[in-house]
Amino acid sequence: MNDEDLRRDFEAFMKENDRELASVARRYAGFSGLPEAAGKDIAQDALCIAWGAWEKELAGADCGRRLAFVYVAMSYKAREEQRSRRRAGELHDPSEMLDFEEKGESYEDRHLARSALRVLANAMAELPDEERLILDLAIACVPRGQIATQLGLTATNVTTKLHRAREKLRRSIGPDVLAELGIGRVRNPTGGAQ
């Protein structure tokens, strides 16, 4: 393929998958505790990485492999952005507080939600890189087949590693934080799940 064909192929890929890529980037931003606007930067950076690999790795690949590559890049960019913001200290825009008040959320609820997300982010940072990446991609609703293709694993390996990662999170986070985040079940005193 010449440069012009590569550019057309890349542009066609972006047009066909624009909404899905934007949606996944917003989810990565939200899950990483970043503002929604950071999703655009994450998507743009991931697409720049994909463009750099287009000729060597992605030009002849199917759409699933291409999407998986971009999702992996988004995962890395979101974590990178999260780390840099954490190092710089978390800054809050006072105008954000008005938005929460309009939604009916109290300061305490916001604080609990932020604390729960911080605990989850720290627990995820303790996971091995491959398990964390698989969990990131699963949270972003990337199909397991695409995850397997991108990482060179079987779908069964992806399912197993995903299960292990979730179990490690459950053990390190605890049911209260998982319930606060809305991703776990709280056990009632009789032993059943609520």
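This is a predicted model: local features need pLDDT of at least 70, side-chain atom pairs count only at pLDDT 80 or more; totals for chains, interfaces and linings use all residues.
Visitor: Which residues have the most contacts inside the largest nonpolar core?
Guide: Leu21, Tyr28, Val70, Tyr71, Met74, Leu137 and Leu169. The core holds 44 residues.

Visitor: Which helices supply at least two residues of this core each?
Guide: α1, α2, α3, α5, α6, α7 and α8.

Visitor: And where does the largest share come from?
Guide: From α2, with nine residues.

Visitor: Take Tyr71. What does it touch, leaving out residues up to four places away in sequence?
Guide: Tyr71 touches Glu20, Leu21, Val24, Tyr28, Leu137, Val142 and Gln146.

Visitor: Gln146, then. Buried or exposed?
Guide: Gln146 counts as buried because its relative accessibility is 17%, and the cut-off for buried is under 20%. Gln146 sits in helix α7. Beyond its neighbours within four places, Gln146 is in contact with Gly64, Leu67, Ala68 and Tyr71.

Visitor: What about Ala148?
Guide: Ala148 is also found in helix α7. It is buried, at 5% relative accessible area. Apart from neighbours within four places in sequence, its contacts are Leu153, Thr154, Ala155 and Val158.

Visitor: How far is the C-alpha of Ala148 from that of Arg65?
Guide: The two C-alpha atoms are 9.4 Å apart, while the residues are 83 apart along the chain.

Visitor: Switching to cysteines. How many disulfides are there?
Guide: A search of the whole structure gives zero. Cys48 is exposed, with 51% relative accessible area, and Cys63 is partly exposed at 34%.

Visitor: How many salt bridges?
Guide: The search finds 11.

Visitor: Which one does Lys161 make, and at what N to O distance?
Guide: Lys161 pairs with Glu130 at 3.0 Å. Lys161 is in helix α8 and Glu130 in helix α6, so the bridge ties together parts that are 31 residues apart in sequence.

Visitor: And Glu131?
Guide: Glu131 forms a salt bridge with Lys168, with the closest N and O atoms 3.0 Å apart. This pair links helix α6, where Glu131 lies, to helix α8, where Lys168 lies, and so ties together parts 37 residues apart in sequence. Glu131 is buried at 9% relative accessible area, whereas Lys168 is partly exposed at 30%.

Visitor: What is the Asp5 and Arg8 distance, closest N to O?
Guide: It is 3.3 Å, in a salt bridge. Asp5 and Arg8 are three residues apart in helix α1, so about one helical turn separates them. Both belong to a network of salt bridges linking Glu4, Asp5, Arg7, Arg8 and Glu11.

Notes: Residues are numbered from 1 along each chain as its sequence is written. Side-chain values use heavy atoms; hydrogens and water are left out. A nonpolar core is a set of buried Ala, Val, Leu, Ile, Met, Phe, Trp, Tyr and Cys residues joined through side-chain atoms within 4.5 Å. Buried means under 20% relative accessible area, exposed over 50%, partly exposed in between (1.4 Å probe, protein chains only). Helices (H or I, at least four residues) and strands (E, at least two) are DSSP runs, numbered from the N terminus. Contact means heavy atoms within 4.5 Å. A disulfide is a pair of cysteine sulfur atoms within 2.5 Å. A salt bridge is a side-chain nitrogen of Lys or Arg within 4 Å of a carboxyl oxygen of Asp or Glu.
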